[in-house]
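Thanks for asking me to look this over with you. Here are my notes as numbered points, so that you can follow along in the viewer.

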Amino acid sequence: MSTTAQLASDKTPFQEWWLWLPIGIGLLAVCLPSFFHLIQTTWQTEENGHGPIILIVVCWLILTKRHAVLNSLIKPSPIIGWTSLVLSLLAFIVGRSQSIDTIEVAALIPMMIGILLLMRGWDAVLAMWFPLVFMLFLIPLPGLLVEIITGSLKQHVSGMAEEILYAAGYPIARIGVMLSIGQYKLLVADACSGLNSMFSLSALGLIYLYLMRYRSWLHNGMLLLAILPIAFAANVIRVMALVLITYYFGDEAGQGFAHMAAGILLFVAALMLLMAFDVILRLVFFRERSAS
């Protein structure tokens, strides 16, 4: 066995624990202050409220892949590893010192890649590819980009809700993102734009595909492409539900418990639509395999 490439399994568990312990302590020292700051600030907003859940899922994914990393071939890439680690640390310092959460959190991904390259090599990075990709959902979107996306989504969501309810015979009209039905006027707020639900459902959809482990790239690709339209459709259903509750039961009912319940309805509707689409795809691909 060569000295530059050997299996990690040759080491004892104590040796493995000793090697990774200082790295784990260093990562905690770097990450914990950032995450505490995010919990108190950015993750308190509607747009980034999914952050703590994503962080828990990322930690779980890393734990599930630890054995694959420990058993991977030890063939470090020091040049790329140190480059990735140093540049990511510089970006992290800039992000923290300037209170730019997007840069601060995004720097954690190449930082992890650099550590894996230095400790193990590309096999470890490949073993950890899904947790690294999933960490993208931790990155808070820049405020300007959120405003642009939210404004556009609110226009389309309110327009679609108006058209459907008007076609159903309800006395509804729209001016911008203001819906008028009967004697009531409802403003489609940023929280109802669907941006948060699109992020959350996209993350949930990726986890769903990861657990299902479909071998067909076409099947996986079609499900991924369907996530955003499904999230949009579910948010239209949410807005319509709030409009109808207000119309039949008054403004207090629409703004009270029903408003919170509509968020649950949103996720239930989105999951049902995603799973229904998956069932259709499975039937189609099963028939194709049977025919072949």
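**Notes on spaces and rings**

1. A search of the whole structure finds one cavity of 30 Å³ or more. On a 1 Å grid over the protein atoms alone, a cavity is a set of points where a 1.4 Å probe fits but cannot get out. Please keep in mind that this is a predicted model, where local features need pLDDT of at least 70, side-chain atom pairs count only at pLDDT 80 or more, and totals for chains, interfaces and linings use all residues. Residues are numbered from 1 along each chain as its sequence is written, and side-chain values use heavy atoms, with hydrogens and water left out.

2. What lines the largest cavity? The lining consists of S197, L201, A231, L266, F267 and A270, where a lining residue has an atom within 4 Å of a point. Helix 10 and helix 13 (257-291) each give two or more residues to this lining, and helix 13 gives the most, with three. Helices here are DSSP runs (H or I, at least four residues), numbered from the N terminus. The space inside is about 30 Å³, a volume being the space filled by probe spheres set on the points, which are joined across faces, edges and corners.

3. Next come the pockets; a pocket is an open set of points with protein on both sides within 12 Å along at least five of seven lines. The largest pocket has a volume of about 1000 Å³. Of its 30 lining residues, G24, L27, I62, L63 and M112 are the closest to the centre. Helix 1 (13-40), helix 2 (51-64), helix 3 (66-70) and helix 6 (108-119) each supply at least two lining residues, with helix 1 giving the most, 15. By class, this lining has 27 nonpolar residues, one polar and two charged. Ala, Val, Leu, Ile, Met, Phe, Trp, Tyr, Cys and Pro count as nonpolar, Asp, Glu, Lys and Arg as charged, and the others, Gly among them, as polar.

4. The second largest pocket has a volume of about 450 Å³. W129, L209, Y210, W217 and N220 are the closest to its centre among the 15 residues that line it. Helix 8 (129-134), helix 10 (195-212) and helix 11 (217-249) each give two or more residues to the lining. Its residues divide into 10 nonpolar, two polar and three charged.

5. Now have a look at the rings. W129, F130, F134, F137 and Y210 form one aromatic cluster. Rings of Phe, Tyr and Trp (its six-membered ring) pair if their centres lie within 6.5 Å; planes under 30 degrees apart count as stacked, over 60 as edge-to-face and the rest as tilted. W129 and F130 are edge-to-face, at 5.6 Å centre to centre and 85° between the planes. The planes of F134 and F137 meet at 50°, with ring centres 5.4 Å apart, so this pair is tilted. Both F134 and F137 are buried, meaning under 20% relative accessible area with a 1.4 Å probe and protein chains only (exposed is over 50%, partly exposed in between).

6. Is S84 buried or exposed? S84 is buried, with a relative accessible area of 16%. Leaving aside residues up to four places away in sequence, S84 touches P110, I113 and G114, a contact being heavy atoms within 4.5 Å. S84 and I113 are 29 residues apart in sequence and 7.2 Å apart in space, C-alpha to C-alpha.
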